[in-house]
Amino acid sequence: MSIDFHAEAEALRPEIIARRRDFHRHPELAFEEVRTAEIVANTLRDLGLEVQTGVGRTGVVALLEGAHDGPTVLVRADMDALPIHEENETEYASTVAGKMHACGHDGHTAIGLAVAKMLAARQDEMRGRIKFVFQPAEEIGEGARAMVADGVLENPRPDATIGLHLWNTLPVGTVAVTSGPSMAAADIWTCTITGHGGHGASPHETRDPIVAAAHVVTAVQTIASRNVDPLEMAVVTVGSIHGGDAFNVIPPVVTLKGTVRTYTEKVKALVHRRLHEICAGVAGALGCTAEVEITPMTLAVDNDPALSERIAAIAAEVVGAENVKRDERSMGSEDVSYLMDGIPGCYFFIGSANPARGLNKPHHNPRFDVDEDALIIGAEMLARAAASFVLPE
Ligand SMILES: [Zn+2]
Ligand SMILES: [Zn+2]
């Protein structure tokens with residue numbers, strides 16, 4: 001008996017869109033998703049799921065237990081908004097000044113609830129269980145780790161993790177499923193360069209950390225261009241430089257801050273080593289000292305090849321083979337990687353742009369919005385992907 005998820009997702013269209021617009025009107029920042037989590041928890045309880053709240057502070061976990069034994073699949077949706085003031089004038093625009101769903105997580109939450117509804121009606125036939133994970137604080141890279149610390153990957157441990165992101169670089173009606181690494185591991189690096197401050201007119205009596213910092217900024221560009229294999233991927237960015245307050249003073253300290261993006265542990269280790277060597281070496285040559293600190297923010301999203309093939313085949317049935325992209329990669333990061341750490345997973349993208357309607361602004365832009373048809377496609381995709389583990393064909 002095959003299930004017509006297409007018809008079911010279409011039937012849920014008004015509900016999915018209404019929910020997404022409600023979340024859009026009421027955006028909540030990382031770890032403040034109290035209203036959103038309450039709606040999520042109540043909706044899931046009404047569906048008969050076993051619901052846990054306060055997992056990773058504001059996260060919600062719900063278990064849909066099948067009548068028969070089988071695998072456990074984790075379905076992830078993130079809930080948080082961004083500190084951006086919305087510039088759209090839609091009737092569902094943000095009602096909170098300075099906060100906005102500018103990444104599409106409002107849609108992810110609405111999709112997750114629709115998937116729970118479709119699958120909750122199939123509990124009697126289900127072999128195994130689905131763990132729905134509504135995650136907080138993706139945008140600051142902390143929500144997934146907070147949920148892992150609270151045991152989201154135990155009791156029961158998932159056999160697979162799946163999830164999706166609405167994707168405005170692809171047109172609505174397309175789906176991207178990439179095998180292997182498709183989003184980067186992100187680290188935050190800081191370099192503190194210490195010299196000796198003094199009068200701007202007497203540089204010979206100082207050790208100038210500003211000049212040293214300038215050379216460090218230039219020299220770290222050689223990590224990606226001269227050290228990393230050109231067939232591999234790496235980004236080293238300096239995003240902030242702070243030092244000095246006055247035009248005639250050489251300050252004692254300059255601080256650099258930036259991000260490292262990599263796909264593999266091997267390249268990551270190389271970049272970290274070179275950052276330490278270059279910062280210490282260049283600053284040292286100029287009479288200063290450098291201290292480098294690197295903090296991991298997310299792991300790489302590394303999609304399981306076999307699972308990706310299966311989900312790509314589902315995508316071909318949903319949107320047509322010609323609309324399935326197999327090589328959509330980004331050096332952006334996603335903390336869903338912590339829910340896929342040691343667990344086969346697939347995180348895929350649902351095209352959500354519609355240039356003809358002006359719905360093609362980049363994620364995190366104050367005029368970001370999606371073509372809501374993508375929500376229905378996303379709900380069908382995620383329901384079918386989850387069902388492929390626990391429901392007979
Ligand atoms: Zn985002
Ligand atoms: Zn996002």
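Author: Two residues are in contact if their C-beta atoms, placed from the backbone, lie within 7 Å. The structure discussed here is a predicted model.

Reader: Across which strands does helix α4 lie, and at about what angle does α4 run to β3?

Author: Helix α4 covers residues 105–120, and the strands across which α4 lies are β2 (59–65), β3, β4 (127–135) and β5. Relative to β3, the direction of α4 is turned by about 160°.

Reader: Which strands stand at the edges of the open sheet of eight strands, and why is one side of each left without a neighbour?

Author: The order of this open sheet is β1-β2-β4-β3-β5-β16-β6-β15, and its pairing is mixed. Each edge strand has a single partner strand, so one side of each is left without a neighbour in the sheet; the two strands are β1 (50–55) and β15 (324–325).

Reader: In β5, which residue is the bridge partner of valine 75?

Author: Strand β3, residues 68–78, and strand β5, residues 160–171, pair in the parallel sense, with four bridges between them. Within β5, the residue that bridges to valine 75 is isoleucine 162.

Reader: How are helices α2 and α10 oriented to each other, roughly perpendicular or roughly parallel?

Author: Helix α2 (residues 13–25) packs with helix α10 (residues 373–390) at an angle of about 115°, their axes being 10 Å apart. The contact is made by Arg13, Ile16, Ile17 and Arg20 on the side of α2, and by Leu375, Ile376 and Ala379 on the side of α10. Angles of 65 to 115 degrees count as roughly perpendicular, and therefore the orientation of α2 and α10 is roughly perpendicular.

Reader: What distance separates the centres of domain 1 and domain 2?

Author: The protein chain is divided into domain 1, made up of 5–181 + 300–390, and domain 2, which spans 185–298. Eight residues of domain 1 are in contact with nine residues of domain 2, and the touching side of domain 1 has three nonpolar, three polar and two charged residues. Taken over C-alpha atoms, the separation of the two centres is 37 Å.

Reader: In β13, which residue is the bridge partner of alanine 186?

Author: An open sheet of four strands, with antiparallel pairing, has the order β10-β12-β8-β13. Strand β8, residues 185–194, runs antiparallel to β13 and is joined to β13 by nine bridges. In β13, the partner that bridges to alanine 186 is threonine 298.

Notes. Residues are numbered from 1 along each chain as its sequence is written. Chains are lettered from A and ligands numbered from 1 in the order in which they are written. This is a predicted model: local features need pLDDT of at least 70, side-chain atom pairs count only at pLDDT 80 or more; totals for chains, interfaces and linings use all residues. Two strands pair if DSSP finds at least two bridges between them. Axes are lines fitted to C-alpha atoms, for helices over the stretch in contact, and angles run from 0 to 180 degrees between N-to-C directions. Angles under 35 degrees count as roughly parallel, over 145 as roughly antiparallel, 65 to 115 as roughly perpendicular and the rest as oblique. Domain bounds come from an automatic or database domain assignment. Ala, Val, Leu, Ile, Met, Phe, Trp, Tyr, Cys and Pro count as nonpolar, Asp, Glu, Lys and Arg as charged, and the others, Gly among them, as polar.
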